[in-house]
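Visitor: Can you walk me through this one? I have a few quick questions.

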Amino acid sequence: MGVGEVPERNEAAASNSTIRVEAPARLHFGFLDLHGGLGRRFGSIGLAIDTPSLALTARRSAQLSVTGEEADRVRGYARAAATHLGGSDAATIAVERTIPAHAGFGSGTQLALAVAAAMARLSGAPFSAAAFSSSLDRGNRSGVGLSAFTEGGLIVDGGRGADGSAPPVTARLAYPEAWRIVLILDRSMAGVHGTREIEAFRDLPRFPEAQAAEICRIVLMQVLPAVALAEPQGFGAGITRIQDLIGDHFAPHQGGRYASAAVAQALEQAAAQGVPGYGQSSWGPTGFALMPSEADARSLVASLDRGGPLRFLIARGRNSGASITTGD
């Protein structure tokens, strides 16, 4: 099985079979090289997490029918997947739960891949996230979402090259089972996305080469060894430094180092308590605090202000990709 592939049955699903797909959200901890002077740009580090997650089912039908949240997007992804497969889009798709959109969880990529995986299974075709990425318009800057779907874990990708293909995964480690992530969601706003995101990448000044070099050094010599050895303080300190550098670069387009003032205040409280690491996923507004245990995570949540638009979740790293099953 090649990189980015999900195990599939060779035969087409029986006409009365139901395909169920459950996929994890992902956190995006930051870009490695926004300077791009070595020929590859972006590069990312991120983590698949067990909550929030999405679930949908699909079965053959006479025509395309979608129920549940994000129905319009699901229809578009189903048609794009069918075109990629060279077959029909006739299927009934039921979306049971979704990942919050434009919150820093990579919801669009996970939804697109879940639909494509279901359509491929219905057609009896193999599924590769990388192969579908272009037709689904995914993986344009980061390969973390693609790899979170296929294999999970802590993921580093090597950025996008001149040929425009999906970023290759250059490192993948299992996230320590005991560690937790406190997620801080601001339900009152959405992160930068769509046209605003495109404009931000176009208008921002070139990222300093020295800072890109610092980030790469931190990832290779601090963050990855700390995960391999289950050292939360080293991991958290490295992620926080990356977050500071990236957050300040994007501050003109998100109103500061963090997109949400309420999340920023909660992260300030967490930092004052000496948490191993903290930051914002992608464009936010979701913030995160990296914790060494479930007890520490629960204690932090209990200590943070409960007012306003914030919601708190405790997540685990997910060391496996999406679940794709066939049933009656």
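This is a predicted model: local features need pLDDT of at least 70, side-chain atom pairs count only at pLDDT 80 or more; totals for chains, interfaces and linings use all residues.

Visitor: What volume does the second largest pocket have?

Guide: About 380 Å³. A pocket here is an open set of points on a 1 Å grid over the protein atoms alone, where a 1.4 Å probe fits, with protein on both sides within 12 Å along at least five of seven lines. Volume is the space filled by probe spheres set on the points.

Visitor: How many residues line the second largest pocket?

Guide: It has 22 lining residues (an atom within 4 Å of a point). Leu32, Asp33, Leu38, Gly158 and Cys216 lie nearest its centre.

Visitor: Which element gives the most to that lining?

Guide: Helix 6, with 7 residues. Helices are DSSP runs of H or I, at least four residues; strands are E, at least two.

Visitor: New topic. Is Ser44 buried or exposed?

Guide: Ser44 counts as buried because its relative accessibility is 0%. Buried means under 20% relative accessible area, with a 1.4 Å probe and protein chains only.

Visitor: Which side chain does Ser44's side chain make a polar contact with?

Guide: That of Ser142, at 3.2 Å. A polar contact pairs N or O atoms within 3.5 Å, one able to donate a hydrogen and the other to accept it.

Visitor: And where does Thr150 lie?

Guide: In helix 4, residues 144–150. Thr150 is also buried, at 15% relative accessibility.

Terms used:
Residues are numbered from 1 along each chain as its sequence is written. Side-chain values use heavy atoms; hydrogens and water are left out. Buried means under 20% relative accessible area, exposed over 50%, partly exposed in between (1.4 Å probe, protein chains only).
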